[in-house]
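Trainee: I have a new protein to look at today. Could you walk me through it?
Mentor: Gladly; let us open it together.

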Amino acid sequence: MSLRARFTEDLKTAMKAGQSERVGTIRMITAKLKDLDIAARAKGEDQVSDDAVIGALRGMVKSRAESAAMYLQGGRPELAEKEEAEIALIRTYLPADLDEATIEAAAREAIERTDATSMKDMGRVMAALKTQFGSALDAAIASSVVKSVLSAR
């Protein structure tokens, strides 16, 4: 089942069950999808790919994590809990994260494959990793792993 179909089915299920928080979060996700699709039309695409959707979902998780941290700093734990609940729901649509050991092994292989020798070659290594793992790759984690491996050279 595609991600779009899952959003639709989960929205119907949540509405029938009266889960207003879940409905709100899924509607927010679908609104983001519509925005992405509208932006893609300018490029001649009808809809964005699932990889682009997953990238957008990762961005939503990141922004909510930052908001939750700010709410906690500001003494608003109830708002931080709301953000954490949204993060948990959004993560159900994301593929499982690769562990650091897998990313490090793949990074070392990509460095050898691209003949990378310094931090100047980081872009080529990241491109190779993105090609290899697609949307399953968390770019932030991969970036830090690649930096540490390249710095150790």
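This is a predicted model: local features need pLDDT of at least 70, side-chain atom pairs count only at pLDDT 80 or more; totals for chains, interfaces and linings use all residues.

Mentor: Residues are numbered from 1 along each chain as its sequence is written, and side-chain values use heavy atoms, leaving out hydrogens and water.

Trainee: How many helices and strands are there in the protein?
Mentor: Helices (H or I, at least four residues) and strands (E, at least two) are DSSP runs, numbered from the N terminus. Read from that end, the elements run α-α-α-α-α-α-α. The count is seven helices and zero strands.

Trainee: Are helix 3 and helix 4 roughly parallel or roughly antiparallel to each other?
Mentor: Axes are lines fitted to C-alpha atoms, for helices over the stretch in contact, and angles run from 0 to 180 degrees between N-to-C directions. Helix 3 (residues 50–73) and helix 4 (residues 77–91) have axes 8 Å apart and pack at an angle of about 165°. Angles under 35 degrees count as roughly parallel, over 145 as roughly antiparallel, 65 to 115 as roughly perpendicular and the rest as oblique. The two helices are therefore roughly antiparallel.

Trainee: What distance apart are the end C-alpha atoms of helix 6?
Mentor: The expected span of a helix is 1.5 Å times one less than its number of residues. For the 12 residues of helix 6 (residues 122–133), that should give 16 Å. The end C-alpha atoms agree with this, being 16 Å apart.

Trainee: Where do the buried residues of helix 6 fall, seen down its axis?
Mentor: Buried means under 20% relative accessible area, exposed over 50%, partly exposed in between (1.4 Å probe, protein chains only). In helix 6, Met122, Val125, Met126, Ala128 and Leu129 are buried. The arc is that of the directions from the helix axis to the C-beta atoms. These buried residues fall within an arc of 160°, so they line one face of the helix.

Trainee: Which residues does Ser143 touch, not counting residues up to four places away in sequence?
Mentor: Ser143 lies in helix 7 and is buried, with a relative accessible area of 17%. Contact means heavy atoms within 4.5 Å, and helix 7 (139–151) is among what covers the buried residues of helix 6. Beyond its sequence neighbours up to four places away, Ser143 touches Met122 and Met126.
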